Amino acid sequence: MASLADYVGARMAVTPPASPAVDGTASPIRVLIAEDEAHLGTILEQFMTARGFSVRLVRDGKSALELLRSEPFDVALFDVVMPDLDGLELLRLVREGPLPPEVIVSTGNETIETALAAVEHGAYDFLPKPYRMAEIDALVRRASEKRLLVRNHHYLNARLERQAPVGSFVTQYAPLTAVLSMVGKFAASPMPVLITGEAGTGKALVAQLLHRHGARPGGPFVHVDCAALDPAMQAAELLGVERGNDHTGGHRHGAVELATGGTLYLEHIEALAPTAQQQLHAALDSASFTRRNGTQRLPFDVRLVVSSNRDMLPLVEAAAFDEALWHRLTAMRVALPPLRDRAVDIPLLARHIVAMTPPAQRGARRISDDAMQVLERYDWPGNVRELKLVLERAVLLADHGVLHAAHLLLPEPASQATPAARADGGRSVPVPVVSTAPSLGELERTHIADVLERTGWHQGRTAELLGISPKTLYRKIREYGFRRPSGRNA
């Protein structure tokens with residue numbers, strides 16, 4: 001089964017920065033100490049180095065500022081009283097920069113005013129002297145966790161901004177227009193939303209629209225397929241794991257923490273194991289959660305959106321899905337119609353898909369009448385996703401700028417289509433049939449293989465033409481068992 005880190009990377013084309021936890025598998029937490037008391041500074045440096053931190057020590061504020069401008073740090077410890085530049089002024093200057101470290105301020109002349117000033121300037125915490133070394137150790141680790149979340153959010157948002165804008169539904173089907181109007185109203189609410197519909201109807205797109213038009217569009221959007229996770233590990237993947245409290249410890253952040261301040265989209269919610277269901281329900285009820293093996297309660301600060309392509313009521317009635325969680329998730333529902341019910345949209349969608357195909361991949365710019373009639377008669381069990389795959393393959397096969405019926409490789413005649421629903425009066429149109437009757441997965445496999453061959457197995461260019469991330473392409477190459485021809489480089 002895929003881990004959450006693999007899955008988030010594949011679905012979002014985003015891999016968050018590596019954790020700075022000192023667990024032997026990632027970079028150590030980088031700490032800057034600015035302390036003018038020579039003896040205390042040396043003790044701090046030696047203690048924290050022994051605990052696995054990467055430590056730099058300076059004796060005055062000016063040196064600290066120069067170092068901060070030349071090297072990245074996760075956490076900084078500032079004494080308030082220092083030569084050249086005091087700790088509070090240094091804190092103010094540091095917090096003005098991009099992605100600053102979390103700062104802990106300490107002083108032997110503590111006053112309420114000093115503590116308040118430190119917090120107002122953005123300090124993570126204020127620690128009066130004298131303090132125990134164990135206090136510093138725990139405080140630095142907590143501060144580094146906060147900075148990791150900030151870095152993750154910054155990274156995710158930057159990647160999302162560089163991606164193409166979230167699409168919208170192409171439709172003139174009145175019932176779907178009404179559904180989308182409801183989506184717009186739901187977006188502003190913090191309540192969970194359940195999206196239902198067959199595979200390929202656009203549930204992930206609705207989730208993204210809820211996020212982009214919601215109260216916190218600048219936060220991260222984290223998409224997790226519950227069916228892709230090991231059931232025994234689902235709760236840990238969602239809520240995270242606290243690995244220990246000794247110096248070899250560290251934490252693995254779950255999907256909830258990665259989505260803090262944004263939206264968590266759980267696809268195939270019906271695949272959530274009972275333990276994960278119970279913990280998710282408890283988190284929703286209390287607006288807080290704990291990591292596995294942990295005791296500290298953390299805020300559940302996400303907009304939850306879930307989806308399923310199954311009828312969930314039988315699962316609830318059979319006690320296979322927690323009834324209380326079901327009621328929490330179904331206060332707001334969005335039901336998407338299958339493409340066969342909105343046949344009026346097929347010409348619009350087909351022309352839109354062809355127009356949006358990258359020019360380098362496009363052999364056709366126009367769909368002929370005979371091809372359009374075939375598209376309208378087909379039943380589309382894979383819905384819009386199948387339509388997109390069929391057309392993307394067809395434009396590769398089309399010559400002279402026109403896509404004809406012969407370029408459409410459909411698995412079987414569309415005998416189920418309702419002739420009366422078509423504008424052509426229901427006249428019989430032959431549908432090209434492939435003798436091997438390819439499935440939707442086979443169509444995707446062939447399409448990816450064609451583009452890989454056209455680009456000479458240049459995976460970066462192939463991913464760009466397919467409109468997917470390089471990580472998703474790599475996963476598809478493994479999934480379909482492709483082998484690079486000898487003598488070709490990535």
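Ala, Val, Leu, Ile, Met, Phe, Trp, Tyr, Cys and Pro are counted here as nonpolar, Asp, Glu, Lys and Arg as charged, and the others, Gly among them, as polar. The model is predicted: local features need pLDDT of at least 70, side-chain atom pairs count only at pLDDT 80 or more, and totals for chains, interfaces and linings use all residues. Residues are numbered from 1 along each chain as its sequence is written, and side-chain values use heavy atoms, with hydrogens and water left out.

Strands (E, at least two residues) and helices (H or I, at least four) are DSSP runs, numbered from the N terminus. Two strands pair if DSSP finds at least two bridges between them. Axes are lines fitted to C-alpha atoms, for helices over the stretch in contact, and angles run from 0 to 180 degrees between N-to-C directions. A34 has F78 of β3 as its bridge partner.

Both A34 and F78 also line the largest cavity. A cavity is a set of points, on a 1 Å grid over the protein atoms alone, where a 1.4 Å probe fits but cannot get out; lining residues have an atom within 4 Å of a point. Grid points are joined across faces, edges and corners, and a volume is the space filled by probe spheres set on the points. The structure holds 1 cavity of 30 Å³ or more. The volume of the largest cavity is about 50 Å³. Its lining comprises 8 nonpolar, 1 polar and 2 charged residues. β1 (30–34), β3 (75–79) and β4 (102–107) each supply at least two of the lining residues. β3 gives the most, with 3 residues.

Another open sheet of 5 strands has the order β7-β10-β13-β6-β14, with parallel pairing. β7 (221–225) and β14 (333–335) each have a single partner strand, so one side of each is left without a neighbour in the sheet. Neighbouring strands here are turned by 15° against each other on average, direction ignored. β6 (residues 193–196) and β13 (residues 303–308) run parallel, joined by 4 bridges. L194 has V306 of β13 as its bridge partner. Helix α7 (residues 174–187) lies across β6, β13 and β14, at about 155° to β14.

Methods: On a 1 Å grid over the protein atoms alone, a cavity is a set of points where a 1.4 Å probe fits but cannot get out, and a pocket is an open set with protein on both sides within 12 Å along at least five of seven lines; lining residues have an atom within 4 Å of a point. Contact means heavy atoms within 4.5 Å.
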